[in-house]
Amino acid sequence: MKSVSSLSDFYYKNLFPTLQKLEQEREHLKHRIIIVGIIFTTLLLLVGFTLKNYYEFILVAYIVIGTIIYKFLLHDYTYEFKTGVIKPLVQAIDKTLLYSMDSHIGEYLFEHSKLFSTPDKISGNDYVKGSIDGVNIEFSDLHAQKREKNSKRQESWSTIFKGLFIVADFNKHFYAQTVVLPDSAQNIFGDIIGHWMQSINTAREELVKMDDPEFEKEFVVYSTNQVEARYILSNSLMKKLLTFKEKSKQQVHISFVGTHIYMAISYNKDLFEPSIFHSLLDYKIAMEYVKTLHLAIGVVEELKLNQKLWSKT
């Protein structure tokens, strides 16, 4: 697979004419958004002074209508960016990879991962699917939400997961379900109390104690089968998962179910949306797109999924 540096070179050299055109559009769009934002805010303030008893309604209207206007203004620019920049970047990694800006990982796979509770609503975009070194892989931005109601029966939505969701073949059929989660309890409360809190987590299967102290500090493992969990999570794989987490610089959830490995990397933003208030030619902006794509597709090489260490039985 191509390195980060070669993808960065591709971004600037091969896509430069497209980036120049988009950069001009971005500047015009930025000014348009600022002007429309000032006009819209002024109008809402005038309405607010007129309808003094409806501040809450006006605030909600400001957020909802403002979001709709913002997305409308961005629509064409976003389409050009994703078809002219993100899609070529994906295919520069491997020409067989398919990219769809409006699709996402399906709800079935999200639920099948056993990483999170069942969502009431799931959305996403920037779906990539294909095969790397004979290993099937797919991923997308994903936002899973749960519907909640307070004592007044008012409805709200809470986020279960937001970030990059990856599904890949593991070349082994698992009879058990093994889940690897970020270890917040042990980091906050220490080894003894943290381990006790992990062991009484009734929402999860049996706690599996691993023999790698570094891995234990970062992750907690639950499985329906202790033996298979330790077989899957060899010392080598645990080190690879630690390296992957360090590269991502985010919370990482991992599971082994059926014949797949599932990875959910938490982010608080859409990863492949075009920059509006920073130049697309800015090196830091460019590297965010390049590194994220490389991280997702690089799972195959990073975890050696292309090496036939196990057979599907």
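1. Let's start with the pocket: α10 (283-297) gives the largest share of the lining of the largest pocket, 10 residues. Helices here are DSSP runs of H or I with at least four residues, strands are E runs of at least two, and both are numbered from the N terminus. A pocket is an open set of points on a 1 Å grid over the protein atoms alone, where a 1.4 Å probe fits, with protein on both sides within 12 Å along at least five of seven lines; lining residues have an atom within 4 Å of a point.

2. A word on the source: this is a predicted model, in which local features need pLDDT of at least 70 and side-chain atom pairs count only at pLDDT 80 or more, while totals for chains, interfaces and linings use all residues. Residues are numbered from 1 along each chain as its sequence is written, and side-chain values use heavy atoms, leaving out hydrogens and water.

3. Back to the largest pocket, which is lined by 41 residues; K269, D270, L271, E273 and Y289 lie nearest its centre. Elements that each supply at least two lining residues include α3 (55-93), β2 (121-132) and α9 (235-248).

4. Helix α1 (residues 4-13) has L7, S8, F10 and Y11 as its buried residues (under 20% relative accessible area, 1.4 Å probe, protein chains only). Seen down the axis of α1, these fall within an arc of 160 degrees (taken from the directions from the axis to the C-beta atoms), so they line one face of the helix.

5. For the overall picture, the protein has 11 helices and 9 strands. Of its 313 residues, 44% count as buried, and the C-alpha atoms fill a box of roughly 65 × 55 × 35 Å along the principal axes.

Conventions: Buried means under 20% relative accessible area, exposed over 50%, partly exposed in between (1.4 Å probe, protein chains only).
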